[in-house]
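Visitor: I am new to this one. Please take me through a single part of it, closely.

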Amino acid sequence: MECPSCKLISPPNAIRCDCGYNFTSGKLEASSLSKPPISKLRFLGCNIALGVGVLSLIGGVAGISKGGTGDGGFAGLLIILGALAYRSRKKVFLGLVSSSKTRRLVEMAFLSVILCLVLLQNNVLAKIYQDPVPNLAYTGVSFEHQRAVVAR
Ligand SMILES: [Zn+2]
């Protein structure tokens with residue numbers, strides 16, 4: 001049985017199509033699949049964090065060449081690892097990937113590295129916010145990019 005609304009093939013005894021079309025009444029009802037599709041927007045926070053982390057890392061490395069301490073690089077690494085671990089877990093919660101042993105081990109490794117880096121480093125958060133301008137710029141660019149991806 002083909003749905004006249006969305007052309008999806010349903011079993012012959014189906015009462016309703018996944019899109020919400022009722023074969024008996026011939027009316028489009030609220031879809032049973034009311035959950036919105038998983039968009040890339042759900043990972044916007046992680047992606048912004050990743051971008052900020054990369055920028056901080058680059059900034060920190062560039063700072064070393066100018067005689068700096070590279071503290072920003074440390075903070076950047078923390079953000080990158082944290083965002084990757086968080087994104088991985090979020091994908092599992094959203095059902096996009098299965099929670100494998102390897103995935104858990106990688107996440108735990110990331111979090112362990114973060115913990116070690118935090119213990120080695122004081123005032124990490126203060127250092128992250130020392131240079132907010134590129135971070136804000138990246139946030140804007142990333143948001144526009146994500147909107148373009150979603151709109152397509
Ligand atoms: Zn349908």
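Among contacts in the protein between residues at least 6 apart in sequence, what percentage join residues at least 24 apart? Then show me the largest nonpolar core.

Guide: First, a note on the source. This is a predicted model, where local features need pLDDT of at least 70, side-chain atom pairs count only at pLDDT 80 or more, and totals for chains, interfaces and linings use all residues. Numbering starts from 1 along each chain, as its sequence is written.

Now your percentage. It is 44%. A contact here means two C-beta atoms, placed from the backbone, within 7 Å.

Next, the setting. The protein has five helices and two strands. These are DSSP runs, numbered from the N terminus: helices are H or I, at least four residues, and strands are E, at least two. Along the sequence the order is β-β-α-α-α-α-α. Of the 152 residues, 18% are buried. Buried means 20 or more other C-beta atoms within 10 Å of a residue's own; exposed means 12 or fewer, and partly exposed lies in between.

Now the core itself. A nonpolar core is a set of buried Ala, Val, Leu, Ile, Met, Phe, Trp, Tyr and Cys residues joined through C-beta atoms within 7 Å. The largest one holds 13 residues. Ala 49, Leu 78, Ile 79, Ile 80 and Ala 83 have the most contacts inside it. Helix 1 (44–65) and helix 2 (71–93) each supply at least two of its residues. Helix 2 gives the most, with eight.

Look closely at Ala 49. Leaving out residues up to four places away in sequence, Ala 49 touches Ile 79, Gly 82 and Ala 83.
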